[in-house]
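Please read them beside the coordinates.

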Amino acid sequence: MDEYAGFSYYYDLYYSDVTADHPFYLEIVRQVGADPHILELACGTGRLLLPLVEAGYRVTGLDLSDEMLARARNKLTALPVRTQARTRLLKGDMRYPRAVLGSEKFEMVILGFNTFQHMHEEEDQIACLENAREMLASQGIFVLAMDNSTPDEEPANKLIELYGVMHDSERQSSVTLKVITTDFPHHQIRTRRYMYYERLPGGNNDLVCNTTLKLRYFYADELKSLLEKAGFKIVESYGSYYFEEYATESPRIIYICQKAEPEQL
Amino acid sequence: MNPYDNIAEYYDTKYAKFDADLDFYIEMVRRAGANARVLELACGTGRVTLPLLEAGYRVTGLDASEKMLEIARKKAIGFKETARFFQADMRDFDLREQFDFVFIALNSFQHLLNQTEQIDCLNAARKHLAPAGLFILDIQNPEIKEQYPADGRLELDSEFQNPQNGNLVQVFLSATSEPSIQQRHYRYLFDEIEIDNRLRRTTTSFNLRYIYRYEAELLLDKSGFAIEDLYGSYEFDEYNTGSEKLIYVCRRKA
């Protein structure tokens, strides 16, 4: 299902400012070796993918949403032809990347931000992880990153949080994003309502775009077990994009993994 | 302008599913007698009036908002008994008849902001109550303050679909309080998102007076009522610390 249909414009406007993880991935990929081929699962509008190709890497991005891919493609056309030639943007499900990519292998597979949390069922989580492992070259690394949050910390309430006020120079509009957490306590799934209000120049009535995201939250050890079950060994773990050690109150959970068993030749 | 006039349709939909008090009123009317004549003050769009009509009672509803009554009248068609709805001020009305069951449901009494208004309303209610009739006053228990944040924060109160066009309607609420006069000021935004994503905002605001237990008892006494029961919930729980409601069951003093 395309959860982003209809609001990819607003999504892109808000998240284009989010760059905190860019230096992190650029540093990780630098350690991978010469001329690695990178696969980003659920690449969205190319927020992370484009900085990676601009840094000179070959990157393949997979996403389920036509709308998000169209935005990524649109941004790609503004880049030099040689940069475009290093980039592939493909429509595909992060649970079943081999349906699109066959037996192709990558030196680095990324599943970042909070994308993994869109999968609520263990069956889907495991399918995604096992396939990510299958897509790895023998010494390749898999990076899984997500938000760290526990139900006790953020009770659901009716309160509206102002996430941001953005300006779009092209449309001459200002967009306000308000968010409300409507449900959190059970099943480690948090329901959040994202409400975008766009004020067009001279307009009296805002345009409104509402979307609901349900994200599954993981505990660090739970996620570790899940990765091991899917055939990974954990090489490094971090609690932030600044290479800080993981602690309970860390903003992120980040695991850097390799295949548990070396390739049998 | 009456604060309910411009949001009458929204109000009707927003509260359409609120039925926590219906069993309570059906039971109380039953206690008032088989053929009880029923009068509801501040009946709105008939959320409680209509189930009583459906249960076979002769009902009369009174409300200050003509727009609210228009909706109630439309919904009252097709029942065995005929419902009557009058636009009137609950502080000052004279229907020239008496009823076996008179009530003011779900905090509507709190729209009256000072003691003169409250006493006027209670006196009018008593005059319309038959000698052996029952009167019910249902208000919030102001002691449980945490349930009603009044620090001006904006909350998403509820969401529903406009039944006429399927549009999403989001209700936002912000409340502030003025403790020295026991009033809260409520501001509601009804945001309807139209088919082209355009926001259509309708706003309303009003003050509600909150009333403490013994204050209410003195008011009722002063207006000629004898309190028979005080419940703290629609489930007939006795009023106690932490009760959500103050529900007075009264008769005319001898």
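1. In the hairpin of β6(A) and β7(A), four residues lie between the strands, and A:Q172 takes a positive phi near 60 degrees there. Strands here, like helices, are DSSP runs numbered from the N terminus (E, at least two residues, for strands; H or I, at least four, for helices). The model is a predicted one, in which local features need pLDDT of at least 70 and side-chain atom pairs count only at pLDDT 80 or more, while totals for chains, interfaces and linings use all residues. Residues are numbered from 1 along each chain as its sequence is written, and chains are lettered from A and ligands numbered from 1 in the order in which they are written.

2. Which strands form the open sheet in chain B, and in what order? Four strands do so, in the order β6-β7-β8-β9, with antiparallel pairing. Its edge strands, each of which pairs on one side only, are β6 (151–161) and β9 (199–209) of chain B. The twist averages 20 degrees from one strand to the next.

3. In this sheet of chain B, β6(B) and strand β7 (residues 168–178) run antiparallel and are joined by eight bridges, with B:S158 standing opposite B:V171 in β7(B). The hairpin of β6(B) and β7(B) has six residues between the strands, and B:G166 takes a positive phi near 80 degrees in it. Further along, strand β8 (residues 183–193) of chain B pairs with β9(B) in the antiparallel sense over eleven bridges, and B:D191 stands opposite B:R201 in β9(B).

4. Turning to the helices, α5 (residues 115–127) and α6 (residues 213–222) of chain B pack at an angle of about 50 degrees, with their axes 9 Å apart. Axes are lines fitted to C-alpha atoms, for helices over the stretch in contact, and angles run from 0 to 180 degrees between N-to-C directions. The two helices are therefore oblique to each other, given that angles under 35 degrees count as roughly parallel, over 145 as roughly antiparallel, 65 to 115 as roughly perpendicular and the rest as oblique.

5. At this packing, B:Q118, B:I119 and B:L122 in α5(B) meet B:L219, B:L220 and B:K222 in α6(B), where contact requires C-beta atoms, placed from the backbone, to lie within 7 Å. These residues divide into four nonpolar, one polar and one charged; Ala, Val, Leu, Ile, Met, Phe, Trp, Tyr, Cys and Pro count as nonpolar, Asp, Glu, Lys and Arg as charged, and the others, Gly among them, as polar.

6. As for the contact between the chains, chain A and chain B each supply ten residues. On the side of chain A that touches chain B, the largest share, four residues, comes from strand β9 (residues 207–216) of chain A. That side of chain A divides into six nonpolar, two polar and two charged residues.

7. Finally, chain B contains six helices and eleven strands, and its C-alpha atoms fill a box of roughly 60 × 45 × 30 Å, taken along the principal axes.

Key
Two residues are in contact if their C-beta atoms, placed from the backbone, lie within 7 Å. Two strands pair if DSSP finds at least two bridges between them.
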